[in-house]
Amino acid sequence: MEKIEAYELVEAYQNGHLKDKLKEIAAGLDEESNPVIMVAKYKK
């Protein structure tokens with residue numbers, strides 16, 4: 001798990017560095033939103 005501050009996600013979204021589900025989540029955030037907790041699942 002990783003905690004990501006909203007302003008970091010907004011900046012990454014504006015710079016085109018996100019994709020998939022994280023991009024969808026970041027599209028609905030602003031810089032003052034609550035942090036996001038990212039859970040990564042590894043493929044076998």
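1. A nonpolar core is a set of buried Ala, Val, Leu, Ile, Met, Phe, Trp, Tyr and Cys residues joined through side-chain atoms within 4.5 Å. In this predicted model, the largest such core comprises nine residues, namely I4, A6, L9, V10, A12, L18, A26, L29 and V36. Helix α1, residues 6-14, supplies the largest share of this core, with four residues.

2. Leaving aside neighbours within four places in sequence, I4 is in contact with L9, P35, V36 and M38.

3. The largest pocket holds about 190 Å³ of space. Its lining consists of L18, K19, D20, K21, L22, I25, V36, I37, M38 and V39. Two elements, α2 (20-27) and β2 (36-38), each give two or more residues to this lining; α2 gives the most, with four residues.

4. By class, the lining of the largest pocket has seven nonpolar and three charged residues, and no polar ones.

5. D20 deserves attention on account of its backbone. Most residues other than glycine have a negative phi. D20 is not a glycine, yet its phi is positive, at about 60°.

6. Is D20 buried or exposed? D20 counts as exposed because its relative accessibility is 57%, and the cut-off for exposed is over 50%.

How values were computed
Residues numbered from 1 in each chain as written. Predicted model: local features only at pLDDT ≥ 70, side-chain atom pairs only at ≥ 80, totals over all residues. Heavy atoms only, no water. 1 Å grid on protein atoms, 1.4 Å probe; cavity = no way out; pocket = protein on both sides within 12 Å on 5 of 7 lines; lining within 4 Å. Points joined across faces, edges and corners; volume = space filled by probe spheres on them. Nonpolar A, V, L, I, M, F, W, Y, C, P; charged D, E, K, R; others polar. Buried < 20%, exposed > 50% of the residue type's maximum accessible area, 1.4 Å probe, protein only. Contact = heavy atoms within 4.5 Å.
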